[in-house]
Amino acid sequence: QVRLVESGGGSVQPGGSLRLSCAASGIFVNEYDMAWYRRAPGEQRELVVSITSGAIGSIIHYKDSVKGRFTISRDNAKNTVYLQMNTLKPEDTAVYYCHADRGRGYTYWGQGTQVTVSS
């Protein structure tokens, strides 16, 4: 059974930092395209950042509004993907979801973790 378990969310003040983790079981994160999505209240779910599969030459794509502030990384030994979020803004408030995909219907979602940025 495949599970993606997010953690690390919470409440921070503007300018603060959080690191989200996505621990995978049942799949190997280096064999999947991994991504972080988010859904703000009343909004559609949107892609925040993605990283293609493979240990060498992975391609990373960031949503423009998070470039320079967010960093995705993958620890194959821990089978975990991280999202380091710095200089957080109120507009980053959302539920953040981990996603794994390798096509042909092999797509999985985590349950989400809440991030709230407020003074």
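A disulfide is taken here as a pair of cysteine sulfur atoms within 2.5 Å. In general terms, a disulfide is a covalent bond between the sulfur atoms of two cysteines. The structure is a predicted model, in which local features need pLDDT of at least 70 and side-chain atom pairs count only at pLDDT 80 or more, while totals for chains, interfaces and linings use all residues. Residues are numbered from 1 along each chain as its sequence is written, and side-chain values use heavy atoms, with hydrogens and water left out.

One disulfide is present. Its partners are Cys-22 and Cys-98, with 2.0 Å between their sulfur atoms. This pair links distant parts of the chain, 76 residues apart: Cys-22 lies in strand E3 (residues 18-25) and Cys-98 in strand E9 (residues 94-101). Strands (E, at least two residues) are DSSP runs numbered from the N terminus. The link of Cys-22 and Cys-98 is left-handed, with -75° about the S-S bond. Both Cys-22 and Cys-98 are buried, meaning under 20% relative accessible area with a 1.4 Å probe, protein chains only.

Strand E3 also belongs to an open sheet of four strands, in the order E1-E3-E8-E7 with antiparallel pairing. Two strands pair if DSSP finds at least two bridges between them. Strand E1 (3-7) and strand E7 (70-75) are the edge strands, each pairing on one side only. On average, neighbouring strands of this sheet are turned by 15° against each other, direction ignored; the axes are lines fitted to C-alpha atoms, and angles run from 0 to 180 degrees between N-to-C directions.

Ser-73 has Tyr-82 in E8 as its bridge partner.

Methods. Buried means under 20% relative accessible area, exposed over 50%, partly exposed in between (1.4 Å probe, protein chains only).
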